[in-house]
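Try each task before reading its solution.

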Amino acid sequence: GSDMKNLGAQVGVCRRARGAGRLAAVVVSLAAMAGQAQAADSIRVACNLKAAWCEAMAKAFQASSGVAVEMVIKTSGESYAALKAEHDKPTFDVWWGGAGDPQLQAAEEGLTHSYKSPITSELNGWAQRFAWVSGYRSVGVFTGVLGFSYNPELLAAKKLPEPACWDDLIKPEYKGLVQVADARLSGTAYTFLATLVQLKGETAAFDYVKQLHPNIATYTRTGAAPAKAVADGKATIGISFLSMAMTHLAKGAPVKLVAPCEGTGYETGAMSIVKGAPNLAGAKRFFDYALSPAAQELGATLDEYQTPANRAANPPSNVPSMGPVKLIKYDVARYGSSAERKRLLAKWQQTLDLPNLP
């Protein structure tokens, strides 16, 4: 193919060269070929997940493809900043596993490469919808369903009913018993706010937020903290992604999970190929592999219980099935935009009369 043509051209150059020039041309051509071989055999991935998951994925992909992976562990925000800073000369091939919102933003700004994997048709509707919204510059790899967990022992001790719906959480009997993160600090809590707006309409959603306020014991700094507090018996009810609560349930904590009766929102963990990726072929191979059932089942072996995108991926065996989960048609394009996020968060702070963050 084109590599053979290149080689022919290089040999031609060598024949025409004389003396020291001939040697220099040979050295240059070998160095160029070595560079190509090195690029073809390795990729660099910005990974937004826990180190153990990033490393397990690198090993599994390398074993299946022969392509080496350098995983660089970053937050979603850091990955987005790196792509922006390096847009003229990217050093990453793939951005894998972080929150969908910044990946949609990167898609909008042309920082990622449009690629429709042949595996797309095997994915759940929400993952395909995410890919379509991004112009196939990104794809959903897993989802975290929003809901709440409660500690049945603490509820029984207080002789309180077990909540099943969002509207149960604002009942006066749960005063001071609920935890949720601060929406200004936590993507989980922002997803909760955006879900309420989509479920109830904006006016009713902010009425709800006001009524929930007296029932909140504390607004935590992270989205995972309420689920942990429930598992540790330090909170009765915690609003979080259910995968966060599942981690504690799998370890035997007294926790029950609820996908609220009215329906609920979700986060999308996403993946994108970087525009101008140094190794585009390797990036596409990683992209396809990451959507395969084998790769999609890896998280559960590491106590990560997000719902995989591929319909054929088996659910984890050590976690009881939750039964039906009613998902809203979450508008990722609108509620993922930074302008809408800013506006809703300012309104949330004002509605609850919260002090500015330090």
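Helices (H or I, at least four residues) and strands (E, at least two) are DSSP runs, numbered from the N terminus. The model is a predicted one.

**Exercise 1.** State where Ser117 lies and decide whether Ser117 is buried or exposed.

Solution. Step 1: Ser117 sits in the loop that runs between β4 (112-113) and α6. Step 2: buried means under 20% relative accessible area. Step 3: Ser117 has 3% relative accessibility, so Ser117 counts as buried. Step 4: apart from neighbours within four places in sequence, Ser117 contacts Phe287, Asp288 and Leu291.

**Exercise 2.** Find the buried residues of helix α6 (residues 125-133) and say how they are placed around the axis.

Solution. Step 1: Trp126, Ala127, Phe130 and Ala131 are the buried residues of α6. Step 2: they cover an arc of only 140° around the axis, so they are on the same side of α6. Step 3: the elements they pack against are α5 (100-108), β5 (139-150), β10 (266-274), β11 (307-308) and α14 (332-335). Step 4: just after α6, Gly135 has a positive phi of about 70°.

**Exercise 3.** Describe how helix α3 (residues 51-65) and helix α12 (residues 280-290) cross.

Solution. Step 1: two packed helices are described by the angle and the distance between their axes. Step 2: the axes of α3 and α12 come within 11 Å and cross at roughly 110°. Step 3: angles of 65 to 115 degrees count as roughly perpendicular, and α3 and α12 are therefore roughly perpendicular to each other. Step 4: the crossing of α3 past α12 is right-handed. Step 5: by class, their contact has six nonpolar, three polar and one charged residues.

Conventions. Residues numbered from 1 in each chain as written. Predicted model: local features only at pLDDT ≥ 70, side-chain atom pairs only at ≥ 80, totals over all residues. Heavy atoms only, no water. Buried < 20%, exposed > 50% of the residue type's maximum accessible area, 1.4 Å probe, protein only. Arc of directions from axis to C-beta. Contact = heavy atoms within 4.5 Å. Axes fitted to C-alpha atoms, helices over the stretch in contact; angles between N-to-C directions. Parallel < 35°, antiparallel > 145°, perpendicular 65-115°, else oblique. Left-handed = near helix turned anticlockwise from the far one by under 90°. Nonpolar A, V, L, I, M, F, W, Y, C, P; charged D, E, K, R; others polar.
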